[in-house]
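Student: Hi! Could we go through this model together?
Tutor: Happy to, let's have a look.

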Amino acid sequence: MGVGTDLTPSITVELATAEDMVRAGELIGGLLLAGDVLVLTGPLGAGKTTFARGLGSALDVRGPVTSPTFVLARTHPSLGAGPELIHVDAYRLGDPAELDDLGLDLAASVTVVEWGREAVPLITDRWLEITIDRSAASPPLEPEVVEGPGGVDWSDEEPLDPRRVTLTVAGTWDRPRAAALVDALRTEFGAAPA
């Protein structure tokens with residue numbers, strides 16, 4: 001298990017595709033319980049909502065999980081016996097304290113807050129920080145090759161560039177559970193070189 005500067009468990013992995021980002025969300029989502037809070041940090045288009053889609057898939061919630069930018073918070077009820085997913089975009093909040101004013105039921109839900117680094121510590125004493133950066137260590141991926149009726153062709157999609165995703169466990173967590181969250185990503189993707 002990696003150790004951050006404040007002795008909290010952490011890991012950084014490199015994800016090559018959007019499918020990897022969804023898979024990372026599924027791995028973490030499969031270990032989450034009602035009351036867990038995640039902060040998703042990264043630039044526009046980094047994959048925050050793609051990661052949240054994976055969480056929603058693992059939690060088996062009603063979807064689709066889309067960006068809550070224009071509604072601030074979107075609730076996805078559970079389709080089974082698990083917790084609902086609350087997906088919040090704190091970017092448009094005037095003050096980090098406004099997150100508490102949304103009246104979210106944190107105890108009964110898994111709550112994901114995009115752009116919430118300053119706001120989340122005001123509403124809970126433990127959370128997962130997911131930081132997504134474009135990878136400086138890896139070159140952009142080549143465009144996808146598509147087999148069409150006329151033979152091999154290149155897709156019209158722009159090439160994806162890899163992402164470095166860092167998971168940091170912040171606050172007071174049960175140590176084995178924190179280790180399981182870090183190990184889930186390590187087992188699937190391996191740790192990224194420093």
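Tutor: What follows is a chat about a pocket, some helix contacts and a loop.

Student: What kind of model is this, and how are residues numbered?
Tutor: This is a predicted model, where local features need pLDDT of at least 70, side-chain atom pairs count only at pLDDT 80 or more, and totals for chains, interfaces and linings use all residues. Residues are numbered from 1 along each chain as its sequence is written, and side-chain values use heavy atoms, with hydrogens and water left out.

Student: What volume does the largest pocket have?
Tutor: About 320 Å³. A pocket here is an open set of points on a 1 Å grid over the protein atoms alone, where a 1.4 Å probe fits, with protein on both sides within 12 Å along at least five of seven lines. The volume is the space filled by probe spheres set on the points.

Student: How do the axes of α1 and α2 cross?
Tutor: They come within 7 Å and cross at roughly 45°, with axes fitted to C-alpha atoms over the stretch in contact and angles running from 0 to 180 degrees between N-to-C directions. The two helices are therefore oblique to each other, the class left after under 35 degrees (roughly parallel), over 145 (roughly antiparallel) and 65 to 115 (roughly perpendicular).

Student: Which residues of α1 and α4 meet?
Tutor: Asp-20, Arg-23, Ala-24, Leu-27 and Ile-28 in α1 meet Leu-181, Ala-184, Leu-185, Glu-188 and Phe-189 in α4, contact being heavy atoms within 4.5 Å. The axes of α1 and α4 (residues 175–189) come within 9 Å and cross at roughly 145°.

Student: New topic: where is Pro-64 found?
Tutor: Pro-64 is in the loop between α2 and β4 (73–76). The peptide bond from Gly-63 to Pro-64 is cis, with omega near 10°.

Student: What about the phi of Asp-60?
Tutor: Asp-60 has a positive phi of about 55°, although it is not a glycine. Asp-60 also lies in the loop between α2 and β4.

Methods: 1 Å grid on protein atoms, 1.4 Å probe; cavity = no way out; pocket = protein on both sides within 12 Å on 5 of 7 lines; lining within 4 Å. Helix = DSSP H or I, 4+ residues; strand = E, 2+ residues; numbered from the N terminus.
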